[in-house]
Amino acid sequence: SSVCAKAPLTAPSKDANDDQYAFLTELYENTSGEMWANNSNWLVRNDNITLCDWYGITCAGKWVEKIELVKNGLGGPLPNNWERVPYIDALDFSGNK
């Protein structure tokens, strides 16, 4: 049987979590997030809403595992520094500019 590296289900350190927020905020700002077809909860960060509640984001525990923003009106460059989201397992930006 193969062993698949999965994200730990414990909360990431504050710095790691801030890195994930910074990366996704940059994604939003670089790709005209305010113009997306659906940007539900994006950039909202409070006791009730985390980045795991943002449209198109799937988490394992508190780690971002998937970013799926298909046909959502993104336009612009994707961020660099993907190491800020170290447990990404799937990306889908198809159908955007």
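**Exercise 1. Describe the secondary structure of this predicted model and the order of its elements.**

Solution. Start with the count: the protein has one helix and three strands. Next, read from the N terminus, which gives the order α-β-β-β. The helix, H1, covers residues 14–30 and includes aspartate 19.

**Exercise 2. Work out how the strands of the sheet are arranged.**

Solution. The three strands form an open sheet in the order S1-S2-S3, and the pairing is mixed. Strand S1 (57–60) and strand S3 (90–92) are the edge strands, as each pairs on one side only. From one strand to the next, the twist averages 30°. Within the strands, alanine 60 lies opposite tryptophan 63 of S2.

**Exercise 3. Is aspartate 19 buried, exposed or partly exposed, and how far in space is its C-alpha from that of valine 85?**

Solution. The relative accessible area of aspartate 19 is 36%. Buried requires under 20% and exposed over 50%, so aspartate 19 counts as partly exposed. As for valine 85, its C-alpha is 7.3 Å from that of aspartate 19, although the two residues are 66 apart in sequence.

**Exercise 4. Summarise burial, surface and contacts for the whole protein.**

Solution. First, burial: of the 97 residues, 33% are buried.

Note on methods. Residues numbered from 1 in each chain as written. Predicted model: local features only at pLDDT ≥ 70, side-chain atom pairs only at ≥ 80, totals over all residues. Heavy atoms only, no water. Helix = DSSP H or I, 4+ residues; strand = E, 2+ residues; numbered from the N terminus. Buried < 20%, exposed > 50% of the residue type's maximum accessible area, 1.4 Å probe, protein only. Contact = heavy atoms within 4.5 Å. Areas by Shrake-Rupley, 256 points an atom, 1.4 Å probe, with all protein chains shown as cover. Pairing = 2+ DSSP bridges. Axes fitted to C-alpha atoms, helices over the stretch in contact; angles between N-to-C directions.
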